[in-house]
Amino acid sequence: MNGETRLLAPLVPTRGYFPDFLTPPEGQLGVDDALSALRETPPARVHTELAGLARTRTLPTWIRAMGDGDTRQLGHLAGALQRYHAAAVAPYWPRLQARIEADRAARGRTLLDGGADRLLATLPSALRWRAPVLEIDYPVDRDLHLGGRGLLLMPSYFCRRTPVTFHNPDLTPVLVYPVDHPAPRATPVPPPGRSLGRLVGQTRSAILRGVGAGCTTTELARRVDVSLASASQHATVLRDAGLLLTLRRGNAVLHTLTPLGAALLRGGQAGEAGAGGAA
């Protein structure tokens with residue numbers, strides 16, 4: 001991975017401008033779609049955005065060649081990104097995705113309960129909603145006018161300092177903001193065999209099904225028809241097993257399924273369907 005890090009570092013500095021084409025919107029669909037979109041970036045756009053980067057730093061030969069229209073170098077870049085992802089992101093992805101999905105669920109509930117004003121007012125402290133302006137602690141002084149286009153909010157595990165957006169104001173307005181980091185660093189998801197032995201009984205299966213797209217402990221107790229204390233206890237066991245993620249929002253907590261929990265639930269439902277068909 002050290003080779004990929006050295007290769008990519010000039011394109012993605014720790015602070016300041018980096019080319020917009022490195023973060024195509026197809027990235028929301030997965031790394032394969034993102035890399036395919038990157039390979040298809042029009043040469044004129046690559047040239048323009050790399051010229052902006054060249055004004056801030058000296059670029060290595062292969063990046064200058066890419067800016068000059070050498071499409072083979074785009075494939076070279078996509079391969080380096082794929083190898084970096086496999087080594088540095090993929091082993092941790094279930095944990096990272098769980099944190100991101102939990103944030104999305106919490107923001108969605110805030111939007112439903114309090115509207116857009118409430119949602120914008122409860123974003124991380126680097127963002128301050130003073131209607132009709134969203135003020136952001138940004139690395140450079142700039143204004144982004146939406147012009148009725150709306151704003152796509154995107155939580156990110158790796159956005160650790162300040163929110164970021166596209167440099168080109170003509171692109172779809174996107175604001176990437178940091179999610180909470182309760183743990184000092186991510187660790188690979190533990191093997192399920194060590195924890196799943198604790199998941200015996202119908203109540204915990206019902207708890208998993210009851211969580212759905214996210215709910216509070218009170219809502220969970222009502223859905224499963226158990227006491228509040230019982231719902232909290234079972235949710236704790238499921239969380240310790242890596243199947244639930246719990247976020248505190250004010251005086252309430254919000255439970256969401258992790259990818260592992262969702263996969264286990266899908267597998268259980270498939271098993272039930274298969275057993276019914278066999279009977």
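Here are some questions and answers about this predicted model.

Residues are numbered from 1 along each chain as its sequence is written, and side-chain values use heavy atoms, with hydrogens and water left out. Because the model is predicted, local features need pLDDT of at least 70 and side-chain atom pairs count only at pLDDT 80 or more, while totals for chains, interfaces and linings use all residues.

Q: Which helices do the buried residues of helix 3 pack against?
A: Buried means under 20% relative accessible area, exposed over 50%, and partly exposed in between (1.4 Å probe, protein chains only). In helix 3, Val46, Glu49, Leu50, Gly52 and Leu53 are buried. They sit on the same side of helix 3 because they cover an arc of only 150° around the axis, taken from the directions from the helix axis to the C-beta atoms. Counting contact as heavy atoms within 4.5 Å, these buried residues pack against helix 4 (61-67) and helix 5 (71-88).

Q: Is Tyr157 buried or exposed?
A: Tyr157 forms an edge-to-face aromatic pair with Phe158, 5.8 Å centre to centre and 75° between the planes. Rings of Phe, Tyr and Trp (its six-membered ring) pair if their centres lie within 6.5 Å, with planes under 30 degrees apart counted as stacked, over 60 as edge-to-face and the rest as tilted. Phe158 has 53% relative accessibility, so Phe158 is exposed. Tyr157 has 11%, so Tyr157 counts as buried.

Q: Which residue in strand 8 is the bridge partner of Cys215?
A: Two strands pair if DSSP finds at least two bridges between them. Strand 6 and strand 8 (residues 252-257) run antiparallel and are joined by two bridges. The partner of Cys215 in strand 8 is His255.

Q: How far apart are the closest N and O atoms of Arg130 and Glu135?
A: A salt bridge needs a side-chain nitrogen of Lys or Arg within 4 Å of a carboxyl oxygen of Asp or Glu. Arg128, Arg130, Glu135 and Asp137 are linked in a network of these. Between Arg128 and Glu135 the closest N and O atoms are 3.9 Å apart. For Arg130 and Glu135, the value is 2.2 Å.

Technical notes. Helix = DSSP H or I, 4+ residues; strand = E, 2+ residues; numbered from the N terminus.
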